[in-house]
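I opened my notebook to look up charged pairs and a surface patch. Here are my entries, in the order I made them.

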Amino acid sequence: MKNKFFTRKFVPAAHTTKSLCFSSARIRRLWKGMVISMTRIIMRGCNGKMGQIISTLAAQDEDAVIVAGIDLWDDGHNTYPVFETLELCDVEADCIIDFSQAARVEELLDYCGRRGMPCVLCTTGLSREQQALVEETAKKAAILRSANMSLGINLMLKLLKKAADVLVPAGFDVEIVEKHHNLKLDAPSGTALALADSINEELGNEYEYVFDRSGRRKKRPRKEIGISAVRGGTIVGDHDVIFAGEDEVITFSHTAYSKAVFGKGAIQAAKFLAGKPAGMYDMSNVIEAVLS
């Protein structure tokens with residue numbers, strides 16, 4: 001009898017059904033003479049909000065599949081087996097997506113380092129010591145980490161570099177406004193800082209970040225990037241980067257209407273990272289692969 005967790009039905013056309021078995025070294029589908037590989041993913045933090053979003057998205061993705069989940073709590077509703085720890089997981093996979101807790105990241109990194117397992121690390125709030133451990137683990141396994149998993153935001157990071165290179169020397173000022181829901185604890189957002197860093201790196205890191213102008217009365221210096229934060233309602237994430245020049249304004253905007261945009265990016269990252277050699281990667285590498 002086939003294990004219910006390791007068989008998925010693939011329907012390429014009417015009246016034709018093929019079964020997919022997840023126990024092979026690499027999942028493959030044969031259709032019209034073409035062999036297509038599927039990336040096998042372990043979802044760490046599978047029963048959290050993002051874990052469930054990614055599970056739903058992966059079920060609709062023809063090139064990726066979640067073969068196991070890791071979570072301390074489980075009620076059996078997932079279509080894949082769930083284990084309390086990675087050490088207990090006996091399912092072969094190509095990559096881990098981690099949306100869990102910073103307090104448990106050492107366990108993850110130890111596992112990936114020992115096994116050379118690629119990992120898309122989405123957990124935030126890491127300490128400096130944990131970030132150093134991520135860098136150390138990247139010498140033994142492929143690790144992808146990004147301030148924001150959205151493909152749109154990461155494309156925006158690349159576009160901003162080109163815009164800054166043209167507009168700032170022409171006298172344009174740069175301001176960033178980010179908006180999030182009223183439950184978000186940090187401000188400004190990590191994404192807003194990443195956007196500012198992308199511009200500042202292109203400008204030789206000569207620009208100062210200003211978060212509050214209420215305590216000063218003077219003309220705006222040329223070499224500064226203003227960053228403002230708005231908190232209210234249920235805003236998932238909204239970022240505007242404003243280039244304000246003489247008699248014209250150019251604005252780059254990104255709005256996330258749901259957390260699904262981050263889940264889609266994480267799956268795309270896992271498909272990119274599977275099979276990659278040890279090293280540190282980020283979403284810019286994924287964007288470059290898509291564009292190439």
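I began with a definition: buried means under 20% relative accessible area, exposed means over 50%, and partly exposed lies in between. I also noted that this is a predicted model.

**Entry: Glu175**

Which residue did I find in a salt bridge with Glu175, with the closest N and O atoms 2.6 Å apart? The partner is Arg213. I then checked the cover on Arg213. Arg213 counts as partly exposed because its relative accessibility is 32%.

Side chains of opposite charge can pair when their charged atoms come close.

**Entry: Arg220**

Glu175 also meets the side chain of Arg220 in a salt bridge, at 2.8 Å from N to O. Arg220 lies in the loop between β11 and β12, while Glu175 is in strand β10, so this pair ties together parts that are 45 residues apart in sequence. At 22% relative accessibility, I put Arg220 down as partly exposed.

**Entry: Glu224**

Next I turned to Glu224. Its salt bridge is with Arg213, and the closest N and O atoms are 2.7 Å apart. Glu224 is in strand β12, and Arg213 is in the loop between β11 and β12. They are 11 residues apart. Why does Glu224 count as buried? Its relative accessibility is 1%, and the cut-off for buried is under 20%.

**Entry: the network**

Asp173, Glu175, Arg213, Arg216, Arg220 and Glu224 are linked in a network of salt bridges. For the whole model, I noted a count of 21 salt bridges.

**Entry: a nonpolar patch**

Last, I looked at the surface. Which residues form a nonpolar patch there? I found Leu155, Leu159 and Leu291. Together they have about 270 Å² of accessible area. I picked out Leu159, which is in helix α4, residues 151–167. Leu159 counts as partly exposed because its relative accessibility is 39%.

Key: Residues numbered from 1 in each chain as written. Predicted model: local features only at pLDDT ≥ 70, side-chain atom pairs only at ≥ 80, totals over all residues. Heavy atoms only, no water. Patch = residues over 30% accessible without salt bridge, like charges linked within 9 Å, V, L, I, M, F, W, Y side chains within 5 Å. Areas by Shrake-Rupley, 256 points an atom, 1.4 Å probe, with all protein chains shown as cover. Salt bridge = Lys/Arg side-chain N within 4 Å of Asp/Glu carboxyl O. Helix = DSSP H or I, 4+ residues; strand = E, 2+ residues; numbered from the N terminus. Buried < 20%, exposed > 50% of the residue type's maximum accessible area, 1.4 Å probe, protein only.
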